[in-house]
Amino acid sequence: MAQCVQSVQELIPDSFVPCVAALCSDEAERLTRLNHLSFAELLKPFSRLTSEVHMRDPNNQLHIIKNLKIAVSNIITQPPQHGAIRKLLNDVVSGCQPAEGLVANVITAGDYDLNISATTPWFESYRETFLQSMPASDHEFLNHYLACMLVASSGEAEPMEQFSKLSQEQHRIQHNNDYSYPKWFIPNTLKYYVLLHDMSAGDEQRAESIYEEMKQKYGTQGCYLLKINSRTSNRASDEQIPDPWSQYLQKNSVQNQLISRKGLSRSLFSATKKWFSGSKVPEKSINELKNTSGLLYPPEAPELQIRKMADLCFLVQHYDLAYSCYHTAKKDFLNDQAMLYAAGALEMAAVSAFLQPGAPRPYPAHYMDTAIQTYRDVCKNMVLAERCVLLSAEILKSQSKYSEAAALLIRLTSEDSDLRSALLLEQAAHCFINMKSPMVRKYAFHMILAGHRFSKAGQKKHALRCYCQAMQVYKGKGWSLAEDHINFTIGRQSYTLRQLDNAVSAFRHILINESKQSAAQQGAFLREYLYVYKNVSQLSPDGPFPQLPLPYINSSATRVFFGHDRRPADGEKQAATHVSLDQEYDSESSQQWRELEEQVVAVVNKGVIPSSFHPTQYCLNSYSDNSRFPLAVVEEPITVEVAFRNPLKVPLLLTDLSLLWKFQPKDINGKDNEEVRELVTGEPEMIGTEVISEFLINNEESKVARLKLFPHHIGELHILGVVYNLGTIQGSLTMDGIGALPGCHTGKYSLSMSVRGRQDLEIQGPRLNNTKEEKTSITYGPDRRLDPIITEEMPLLEVFFIHFPTELLCGEIRKAYVEFANVSKCPLTGLKVVSKRPEFFTFGGNTAVLTPLSPSASENCSAYKTVVTDSTSVCTALTSSASSVDFGIGIGSQPEVIPVPLPDTVLLPGASVQLPMWLRGPDEEGVHEINFLFYYESVKKQPKIRHRILRHTAVICTSRSLNVKATVCRSNSLEDEEGKGDNMLVFVDVENTNTSEAGVKEFHIVQVSSSSKHWKLQKSVNLSENKDAKLASREKGKFCFKVIRCNEREGATQSSEKYTFADIIFGNEQIISSASPCADFFYRSLSSELKKPQTQLSMHTEKHSVEDAVSLIQKCNKVDLNIVILWKAYVVEDSKQLILEGQHHVILHTIGKEAFSYPQKQEQPEMEPLKFFRPENTTATSRPSLEQLSNLIKTSLHYPETFNHPFHQKSLCLVPVTLLLSNCSKADVDVIVDLRHKTTSPEALEIHGSFTWLGQTQYKLQLKGQEILSLQLKACFVHTGVYNLGTPRVFAKLSDQVTVFETSQQNSMPALIIINNV
Amino acid sequence: MLKTKSGSFYFVILGHHDNPAFEVEFLPAGKAEPKDDYHHLNQFIAHAALDLVDENLWLSNNIYLKIVDKFNEWFVSAFVTVSHLRFIMLYDIRQEDGIKNFFTDVYDLYIKFAVNPFYEPNSPLQSSAFDRKVRFLGKKHLLS
């Protein structure tokens, strides 16, 4: 139980005080009324004696009564009615609320810290009122009238007569059978005569004389002259006279109501009583009583006399005597099975025992328990039971027996009175919390139960208070259903009490909690919330938008996009993909884009990336760098994607959804306005705001909304959040199928109820982890994605692709068109495109004099520049030359960055330009994503935005076409056609690797071209009969070409970047290989080939002369011959024949080494085992390989193929043989020719055995660079037959080298000679 | 306030902060979910019983505490593990043995889940396997 103002020792005597009736004359009543008081009220402040009263008990012992109090009340002749008492109690409780700003106690129990008010004044008021309004009953005498005051006024005509009238009246009330109420303690009630005199009006002399008369008649003991003043004070307002009545008046006004209500019913009741004045009704009730609670004693029964004695003793605080009397009476009653009487005696015996001074015996709690049980169960008298419980619980509390007290209180809760149950449960809860080890959870539960009962009893404030107190215990523990219940009740009660803010927050709590409620329940909660919320917002319609709890917003997932919405395709035109919110973030690709941008910026800034450079970000998300204020361009929309999630099982409908922002405009001059205006939504001339009229989020759905702003002025924009009407949809809660509809529909759903509010977008930046301070604490950086700076106008480029293919054969060349359009109001310039795959596309070289044709005109023409030739020129090469610089491939240039050849280098506002663009299918089959980054600048330099970019990702699917493999080897013949210079043979193997699914019928090789600084194709050495060079599926063709050195003249006069192109044509059309696009792609593939790491060689050369030698030797194995194979593919598609064109490149570096057109797949080595020791420094192989050396000197034997010799005439056949030695390197080479047979294997012996070289067997020679030397040898044969002359072994070393690398020059081919006999 | 549901059970595992880590209800077969929304009351009763569980803990040597509390027609039994995790059972028909066996088996099951290094003590047990197995044990010991 809660703490009380009164101690139990004060409470009980005050609850049982001698009762005195007051019977006033009409005149006396009128007189007191002048002061707005009744007579009883008039006496109330003076009803307690401050002095001690002395009394002698039956044993003649002096007994002291302290603080004696009497209760004076006007005679009421009807017992108080149940309903009226109930109403009174209800009013008392609801009228007593905890004081505002009352400091609550903090109780700590276990994990819990609770704020609890220790006192419950409403309970005390209730108890006091309850005990006072107890109706008098026959089995006890405690509240029977012990005396009666007869009051008359001095102003009456016949005051003495009035007194005797009153006396008769009292007698009549007590003894006439018409009145069963009030009850009187003794038959001869003690009378007290009071003469009321108004000092302000009456004649005092007269009053004194009447008083004398009274004393003579009734004796001095029983008379009193009470002088009062009814004068209305003029100075009442400014005089502070203490008003002893004030504390009673409020309560009394309640009581007066009660009485006046009673007065209404009194006449009615007495009337009916008169008509049915037979004795049947009371008899019946007596019988009932008898049946239920045993015997009924007549009023004069001796058992009752003892009880009366006990009560009298009790009233005068003689508790010892009272206890013994009660005890005696109890025994008698129990013997007679008079249960009601027994219970009454038990109750009072227990109380007397407790109140006995010196406590001679322990408090007999079991007496109380028996009494309560009897009252409740046997007598069905809940009022008496309640009194008993209240007393006992208070006594137990005073003895710190909280557990027992709680049990007692809980036991009396019942369905018949919610108010009583509520109060008792609350007291029980306080018992739990006041225990030595506080039972917090029991406390909370009983507070909930009390709150529930309070709410049923209509005590809303108390209900709310109980729930709020209990909430402290349940909060945040995960008891979600319990929490929801509490919050719901708090919300409801707060709402009915017009505490709307509390109501909103309680309902809000239910909705945002991870709810376990059913869909229907959630729907109900939501509707209730919306309803309450609506009421709140109606109170202050102009106030700021309140925060809405739903739907959830994942702030960090917010994305911001700067720029227009883009149409992906417009007829044949396909727009650049650029950046859009539909693209998922991919760190790899964003890194690629970043690198591309850095590359182009570096090129623009002469190789250096300025420190102020930051990659352009059009789409900001949680991965992008949001530490700086993003830049947005005026008149270009800003799209914010907000990620909503509906946690509820019911759909949510947002209407009139838009962004909320703040804007600080700036002068055009860039200076801040003097007055910085902060504008919020609703200034469309500054910032236009898009509104989504309806946005539906289904149950438990995550959905994004894209909201746009249109900045029309420069300045600083801050996007604060979203504003919308929150509602749900009417009707069925299951919304299957509706989710498929897009959210933005107008009037699609009937909105049941909605409220307008906002939610802020607050994004936390990344956790900082750079400095020590940041590492040791938790700090977050800023995230400024929602705070764009609106800058001045910038040009805006749109790029469209026309006839852009999606599928290509590997190596296929296709012509497409690109349209560049400036859709802004600013001219743009400096247009460049950068791509990691420059070999994929070209805009044509600088030499190309192609005027941009319209795409339709060239539809069926070849992508190449062609010249018709006559068929006679087949097999001989047509040469031309071109410089790589013209095609953008030069020393030090970045091949990835390609300037777009705009006609005037400037694209004016609104202008557009179409340029041809050739594409070449990548050599690898599969799907290729090729990124293009278009770079452009404004003509007018902008300080904030230096450049802009546009991205495009092309997706190309390539399928296999041809595989080309080529080798170059030295030809055995030493001269070219003109009889001079070096020559080589190139073998080209072409395989059709196309799978027939692609629809390619066959490939025609139409032309083979060479491109080199030093070499050119001379003619075709046709090895196969396949003259028209057709390749069906899986067919392989072989070509052989002779290669000669270019004219020295050509090489010398032209720059080193000059390449000679030689075309060998198989058809009747020459494709000018030195022109666009053939040369473009050739150069691009060349440059991408050169980029590949193959620089081991150059690394070595610098350090050692040995390696220098190696390089020299290697160099003579080097060629720089590049072969271009041009082809046509005949494709049947939809029963139409198409001709596709393409080209493959083979880059030949090394003599004798195979080179391929397609990238060789390098076998990825298995995971290398980890090495735990440092590998020894393996000396780099500085020795040139045999193969390399063997190419140092080219040898050829010149001899007749057949030689006829008459062996019968001359047995020895001598054949002259010329050995030609040609130095392929540019260095001097020492050569040793050894003619001695080296019989290494028996097999070799068999062949060589039968001929011999004559003359000098070893020659030491020196060959200058590129020198050709002939050596005349003689071979001697003795038999006819076929011989291999290729036996001379040639050893070579570089002349200026000390180190000698000697190795034999092996002739790969046997040199056969036939010796015939004639 | 309460509707009598014979043979109904409500089981909850409580963490160290009086937080429910796992909740399940067992209703007799064929008995439809009662319409009245009384679920929150289960939580209230179970939670309130904790004070008495704490009290009973010192009075008994067993980790299975028979009936610790009673509210209206509901009985409350408890089982306190060595780590002071509390199992609370609400039921309306006395069935001591079944509940005791159920507690023991759930305890075994819980230990297996609690050793999972990814399970943070006191956090809600959201494993569907755990839920399934507890339901099975409920069927076995309580509803049969």
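Predicted model: local features only at pLDDT ≥ 70, side-chain atom pairs only at ≥ 80, totals over all residues.
Two packed helices are described by the angle between their axes and the distance between the axes. In chain A, helix α1 (residues 8-15) packs against helix α12 (residues 339-355) at an angle of about 135°, and the two axes are 11 Å apart. Because angles over 145 degrees count as roughly antiparallel, α1(A) is described as oblique to α12(A). The crossing of these two helices, α1(A) and α12(A), is left-handed. On the side of α1(A), the contact is made by V8(A), Q9(A) and I12(A), while α12(A) contributes V351(A), F354(A) and L355(A). By class, the residues of the contact of α1(A) with α12(A) comprise 5 nonpolar and 1 polar, with no charged residue.

Helix α1(A) also packs against helix α14 of chain A (residues 382-398), here at an angle of about 160° and with the axes 10 Å apart. The helices α1(A) and α14(A) are therefore roughly antiparallel to each other, and their crossing is left-handed. The residues V8(A), L11(A) and I12(A) of α1(A) meet L391(A), E394(A), I395(A) and S398(A) of α14(A) in this contact. The contact of α1(A) with α14(A) divides into 5 nonpolar residues, 1 polar residue and 1 charged residue.

From α15(A), the contact involves Y402(A), A405(A), A406(A), L409(A) and I410(A); from α16(A), it involves L424(A), L425(A), Q427(A), A428(A), C431(A), F432(A) and N434(A). Of the residues in the contact of α15(A) with α16(A), 10 are nonpolar, 2 are polar and none is charged.

Two features of the backbone of chain A are also reported. Most residues other than glycine have a negative phi, and most peptide bonds are trans. The peptide bond that joins L550(A) and P551(A), however, is cis, with an omega of about -15°. P551(A) lies in the loop between α21 (519-539) and β10 (552-553) of chain A. At D656(A), phi is positive, at about 50°, although this residue is not a glycine. D656(A) belongs to strand β17 (residues 652-665) of chain A.

Finally, the interface of the two chains was examined. The size of an interface is often given as the accessible area lost when the parts come together. For chain B and chain A, the area buried between them is about 2,100 Å², and 62% of it is on carbon and sulfur atoms. In chain B, the residues that lose the most area to chain A are F44(B), H47(B) and D51(B), which together account for 31% of what that side buries. In terms of residues, 26 of chain B are in contact with 24 of chain A. Across this interface of chain B and chain A, 4 salt bridges are found. D69(B) forms a salt bridge with K442(A), with the closest N and O atoms 2.5 Å apart.

Note on methods:
Residues numbered from 1 in each chain as written. Chains lettered and ligands numbered in written order. Heavy atoms only, no water. Axes fitted to C-alpha atoms, helices over the stretch in contact; angles between N-to-C directions. Helix = DSSP H or I, 4+ residues; strand = E, 2+ residues; numbered from the N terminus. Parallel < 35°, antiparallel > 145°, perpendicular 65-115°, else oblique. Left-handed = near helix turned anticlockwise from the far one by under 90°. Contact = heavy atoms within 4.5 Å. Nonpolar A, V, L, I, M, F, W, Y, C, P; charged D, E, K, R; others polar. Buried area = accessible area lost by both parts, 1.4 Å probe. Salt bridge = Lys/Arg side-chain N within 4 Å of Asp/Glu carboxyl O.
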